[in-house]
Amino acid sequence: MVPESVSAAASLPDPFVPQIYRVGRLRRELHDTVTLELAPSAGRRPAFRPGQFNMLYVFGVGEIAVSLSGDSTDETHFVHTVRDVGAVSKAITELGTGATIGLRGPFGVGWPVEAAEGSDVVLVAGGLGLAPLRPAIYHILANRVRYGRVVILFGSRNPHDMLYRHELEEWRQHLDISIEVTVDHAEADWHGNVGVVPALIPRATFDRHNTIALVCGPEVMMRYSASALAEAGVPPERIYLSMERNMKCAIGLCGHCQFGPTFICKDGPVMQFARIAKIFAIREV
Amino acid sequence: MQHRPDGGTKAVISREALQQLIEALSAENCRVLGPTVRDGAIVYDEIAQVGNLPAGWTDRQEAGRYHLERREDDALFGFAVGPQSWKQFLHPPVETLWTARQGDDGISIATDRSETPIFAFIGVRACELHAIAIQDRVFLDGPYRDVTYGMRRQDAFIVAVNCGNAAATCFCASMGTGPKVDAGFDLALTELIDATRHEFVVEVGSEAGGDLLDRLPHRPAANADLLAAEAVIARTQSAMGRRLETDGLKELLQANLNHPRWDEVAARCLACGNCTSVCPTCFCTTVEDHSDLMGSSAERIRKWDSCFTLDFSYLHGGSVRTTASSRYRQWMTHKLASWIDQFGTSGCVGCGRCITWCPVGIDITAEAAAIRATPQSRKGEPHGGT
Ligand SMILES: Cc1cc2nc3c(=O)[nH]c(=O)nc-3n(C[C@H](O)[C@H](O)[C@H](O)COP(=O)(O)OP(=O)(O)OC[C@H]3O[C@@H](n4cnc5c(N)ncnc54)[C@H](O)[C@@H]3O)c2cc1C
Ligand code: SF4
Ligand code: SF4
Ligand code: FES
């Protein structure tokens, strides 16, 4: 005997099957990091919300999760920023304009950009963690009057490996947005901050009673940033982290991305700190 | 297949009628699968005739141990469950998701569904029906549905059987999943065997089941037949070898993620993953990508995976769960606790397979009991749940 949901499923499109996209403009950001524009080979680009991600498939190599890093109002293509760390990410950074790629998505829960209206917004990013935050920054800048103070705190390994450096400089010069950058290591010609990004939090100016914080970076960095934000008086319900776990399916079916009771692929990647604080404090969950 | 409004019709059939049932299903192009003896275990395989069923065999199970023994009668279903479950058919260990081709104008991707079989399962236990219902929730009730699982599942014809024997490792009674089958079948059998007869009480669970029964020689079940069937189930219920206290178990485990018992069990656990592959509800998979030598075609294959491997939680730079203790904790808390957050049901149906097939005899009921006996955190303490 078969429940109704069973018969309904067979007629749906298969969520494991990628759509074909073509690589458009490419931009080498850093020695190991490339930003690509991907346009659908047929039909329209689906809508996405800042903080969501796609699964990108390179022929015969594999498929990985990559956040959207472009402007959600540009409806012609998806933009992704990929760092070469292994087989699939390397293959993506080596694609040329005109190449085809498989794409599934967008997936997941994004940043609470609407809920943040009326509040100060503090965006805390470590390294490549700035990529998933960039669509949120575009959204906030496009709707600047709806937000209070906007603060970007960004940590980079060194001044030369700084992601989106020119864009950061432009935002800082021309727009009503406060940007603090820190680097782990620097030579004498760097006059900015040296140290870890959570250390910027106590010095930043925002209304702790009315702030939403968006954090993305390596897990340790997010751990310290969330603590520093909580210490600065931001309630845990108003701190959001973009979590990372191994992902094979992105659709809640493979089990890999589990984080305690949640699936990062469908309940996240963006998670409210209050919801995960207890398990976040436990090792190897 | 729709539930029959007059469902619950009960009849009695003979062993010969069971043979006709198998033939009728084969004639409808079903792949008829059922229990059979192979290599010293009862496994699920193609069944062409009643003679393929494990007549006169029973299983003896204990933590880390399994063997077959002769029964004193010729019962066809006089055993509990073996190392395999129906999961291997509905959610196969290896499956090609799709094939990609590299052409002049780039890649194209296609699926091939032409080989989707129509299954008929003979001898599905109550715990296994619950396991199938749990996998239905996992694969079909989420925001995205597993299309090929749905295709295999929707046509499957299920002949359930009420258990006449409980193994020492069984604890379905504690999980509320058996030994009596309650839902999710087309036909359900209860085997009645003694010196004077060998018959089956049949309960109809669906229209398709009723139609099939109509084509078999049968007589209406008398009150005495129904009482005899009830007695079989009651006897099995009272012979249940193990127990798992489920009251407050989710909260207890989630409040004890740093309990020293996790390290203690990890000292015994080989992280072999046997428990996950024999478990009828474990659903995790990984994927592999292969391409041909010419580089013109590639396929994406999905395979069962286990949370006991290091790769399972691999992120660039290292695995999240490096210790065996964190991996056992992930498995057990998923089964007994976070599954409830995720799918509104426990992930354990009390079949006992993970206990029997663990090479070192680790027992999920004993591990849960050990934590209950020495909680480090107050039961019900709030934690980061949903
Ligand atoms: C929600 C999300 C968003 C992400 N966004 C970006 C992004 O915008 N840009 C970017 O460069 N990277 C991003 N990543 C990380 C990216 O998915 C990994 O770098 C990538 O999977 C590594 O695969 P690989 O084959 O190149 O490397 P390997 O190290 O060889 O990885 C082998 C396999 O392990 C798994 N894996 C390894 N690392 C990760 C990881 N960090 N997350 C999930 N699975 C992993 C993948 O299945 C991968 O195929 C994101 C990850 C997640 C979960
Ligand atoms: S956890 Fe063990 S007893 Fe429970 S369903 Fe899985 S194999 Fe059976
Ligand atoms: S509990 Fe037993 S079966 Fe499971 S991984 Fe550990 S040793 Fe293997
Ligand atoms: S990535 Fe497969 S369940 Fe989340």
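This is a predicted model: local features need pLDDT of at least 70, side-chain atom pairs count only at pLDDT 80 or more; totals for chains, interfaces and linings use all residues.
1. Let's begin with strand β12 of chain A, which covers residues 239-242. Which way do its side chains point? I239(A) and L241(A) face one way, while Y240(A) and S242(A) face the other, and all of them are buried. In a regular strand the side chains alternate between the two faces of the sheet.

2. Now look at the neighbours of β12(A). Strand β11(A), residues 211-216, pairs with β12(A) in the parallel sense over 3 bridges, and V215(A) has L241(A) as its bridge partner. Strand β15(A), residues 270-272, pairs with β12(A) in the antiparallel sense, also over 3 bridges. There, Y240(A) stands opposite Q272(A).

3. What do β11(A), helix α5(A) and β12(A) make together? They make a right-handed β-α-β unit, with α5(A) spanning residues 219-231.

4. Next, chain B. Strand β6(B), residues 94-103, pairs in the antiparallel sense with β14(B), residues 297-304, over 7 bridges; here T96(B) stands opposite I301(B). Strand β6(B) also pairs in the antiparallel sense with β7(B), residues 106-110, over 5 bridges, and T99(B) is the bridge partner of A110(B). With 2 residues between them, β6(B) and β7(B) form a hairpin.

5. Of the 20 residues in α11(B), 17 are buried.

6. Y57(A) counts as buried because its relative accessibility is 0%, and W98(B) counts as buried because its value is 1%.

7. F283(B) and W339(B) form another edge-to-face pair, 5.5 Å centre to centre with 85 degrees between the planes. The two are 56 residues apart and link distant parts of the chain: F283(B) is in the loop between α10 and β13, and W339(B) is in α11. F283(B) is buried, at 1% relative accessibility, and W339(B) is buried, at 1% as well.

8. Ring pairs link F283(B) and W339(B) into a cluster with F263(A), F139(B), Y149(B) and F343(B). K266(A) lies over the face of F263(A), 4.8 Å from the ring centre. Elsewhere, the charged end of R70(B) sits over the ring of W57(B), 4.2 Å from its centre.

Notes
Residues are numbered from 1 along each chain as its sequence is written. Chains are lettered from A and ligands numbered from 1 in the order in which they are written. Side-chain values use heavy atoms; hydrogens and water are left out. Buried means under 20% relative accessible area, exposed over 50%, partly exposed in between (1.4 Å probe, protein chains only). Helices (H or I, at least four residues) and strands (E, at least two) are DSSP runs, numbered from the N terminus. Two strands pair if DSSP finds at least two bridges between them. A crossover is right-handed if, with the strands pointing away from the viewer, the path from the first strand over the helix to the second runs clockwise. Rings of Phe, Tyr and Trp (its six-membered ring) pair if their centres lie within 6.5 Å; planes under 30 degrees apart count as stacked, over 60 as edge-to-face and the rest as tilted. A charge sits over a ring if NZ of Lys or CZ of Arg is within 6 Å of the ring centre and within 35 degrees of the ring normal.
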